[in-house]
Amino acid sequence: MTSDPTERSRPAQRQAEIFEHVLQHGSVSANELAELFHVSLMTIHRDLDELERQGVVRKHRGGVSAQPSSVFESNVSYRLRAARAEKIAIAQKARQLIEPGMAIMLDDSTTTLELARLLEDAAPITVMTNFLETIKLLSTIRGVRLLALGGDYFPTHDSFLGVPCIDAIEALRVDMLFASTSAVSGGYTYHQEQEIVLVKRAMIRAAQRSVLMVDHTKMGRVALHRLAPLSDIDLVITDSQASPESLVEMRENGVRYEIA
């Protein structure tokens with residue numbers, strides 16, 4: 001098949017459109033994308049190679065996916081759309097734990113972002129976070145004292161990580177941490193990326209109480225890195241679709257949990 005000149009002239013725009021399509025559908029085949037964008041299969045594979053290099057999608061045999069795996073954490077754009085109703089319900093439950101005058105820490109999860117949206121009537125309150133989207137949101141709310149945890153910026157997660165971020169966290173002590181993670185199973189929490197694991201561990205150590213906010217899609221799963229035992233967490237909040245097996249497992253491990 002002869003390559004069309006337009007295939008060479010607008011790869012960046014096409015790749016952005018491919019990414020948007022994959023975000024909407026979760027997983028698609030290369031053949032489907034070639035037909036949709038009227039380009040050769042070879043061109044699509046070059047586009048997908050570039051998107052994978054950027055860390056926003058993962059290629060698999062015959063196609064591409066924006067969905068997480070045991071070694072791949074989804075791009076923040078995908079996570080912002082996934083299980084939104086469940087995350088909102090979990091955030092509303094977590095909001096009941098927050099009182100004016102508290103100092104709380106929020107990690108870079110899209111679940112805690114939903115909690116941040118509910119903090120306008122919690123003032124005065126001090127909030128620490130490394131998630132840029134949460135920083136931008138809370139910077140507009142009166143009565144919120146905002147401490148931004150800096151470090152190396154990771155566009156895939158829209159957050160700050162690395163040694164400077166960990167050092168900033170270790171200099172603090174907060175009343176409560178609200179965090180999420182990619183996978184929970186067998187009495188442990190897991191995440192795909194080492195940099196995020198190290199930051200979340202530091203956050204747990206910095207908090208008097210830790211609340212884990214995880215929707216049902218993360219229960220009964222594992223990821224590459226073991227983050228922390230659930231015994232390090234004071235409370236797990238999940239949604240009503242969590243499997244009975246997951247709830248039994250938490251009870252057997254002595255984990256306190258609530259259903260949103």
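Q: What volume does the largest cavity have?
A: About 80 Å³. Keep in mind that this is a predicted model.

Q: How many cavities of 30 Å³ or more does the structure hold?
A: It holds 1.

Q: Which residues line the largest cavity?
A: The lining is L177, A179, S180, T181, T189, K200, I204, S210, V211, L212, L227 and I233.

Q: And by class, what does that lining have?
A: The lining has 7 nonpolar residues, 4 polar and 1 charged.

Q: Which elements each supply at least two of the lining residues?
A: Three names here: β9 (174-179), α10 (194-206) and β12 (207-213).

Q: Where does the largest share come from?
A: From β12, with 3 residues of the lining.

Q: Switching to the sheet. What is the strand order?
A: The order is β6-β5-β4-β9-β12-β14-β15. These 7 strands form an open sheet, and the pairing is parallel.

Q: Which strands stand at the edges?
A: β6 (144-148) and β15 (257-259). Each has a single partner strand, so one side of each has no neighbour in the sheet.

Q: What does the twist average?
A: From one strand to the next, the twist averages 20°.

Q: Back to β6. Over how many bridges does it pair with β5?
A: Over 5 bridges, in the parallel sense. Strand β5 covers residues 125-129.

Q: What stands opposite A148 in β6?
A: T129 does.

Q: Which strands does helix α6 lie across?
A: Helix α6 (residues 84-95) lies across β9, β12, β14 (235-238) and β15. Its run is at about 145° to β14.

Q: Now α2 and α4. At what angle do the axes cross?
A: They cross at roughly 75°. The axes of α2 (residues 11-25) and α4 (residues 41-53) come within 10 Å.

Q: Roughly parallel or roughly perpendicular?
A: α2 and α4 are therefore roughly perpendicular to each other.

Q: Which residues make the contact?
A: On the α2 side, P11, R14, Q15, I18 and F19. On the α4 side, T43, I44, D47, L48, E50 and L51.

Q: How do the residues of that contact divide?
A: The contact of α2 with α4 has 6 nonpolar, 2 polar and 3 charged residues.

Notes: Residues numbered from 1 in each chain as written. Predicted model: local features only at pLDDT ≥ 70, side-chain atom pairs only at ≥ 80, totals over all residues. Heavy atoms only, no water. 1 Å grid on protein atoms, 1.4 Å probe; cavity = no way out; pocket = protein on both sides within 12 Å on 5 of 7 lines; lining within 4 Å. Points joined across faces, edges and corners; volume = space filled by probe spheres on them. Helix = DSSP H or I, 4+ residues; strand = E, 2+ residues; numbered from the N terminus. Nonpolar A, V, L, I, M, F, W, Y, C, P; charged D, E, K, R; others polar. Axes fitted to C-alpha atoms, helices over the stretch in contact; angles between N-to-C directions. Parallel < 35°, antiparallel > 145°, perpendicular 65-115°, else oblique. Contact = heavy atoms within 4.5 Å. Pairing = 2+ DSSP bridges.
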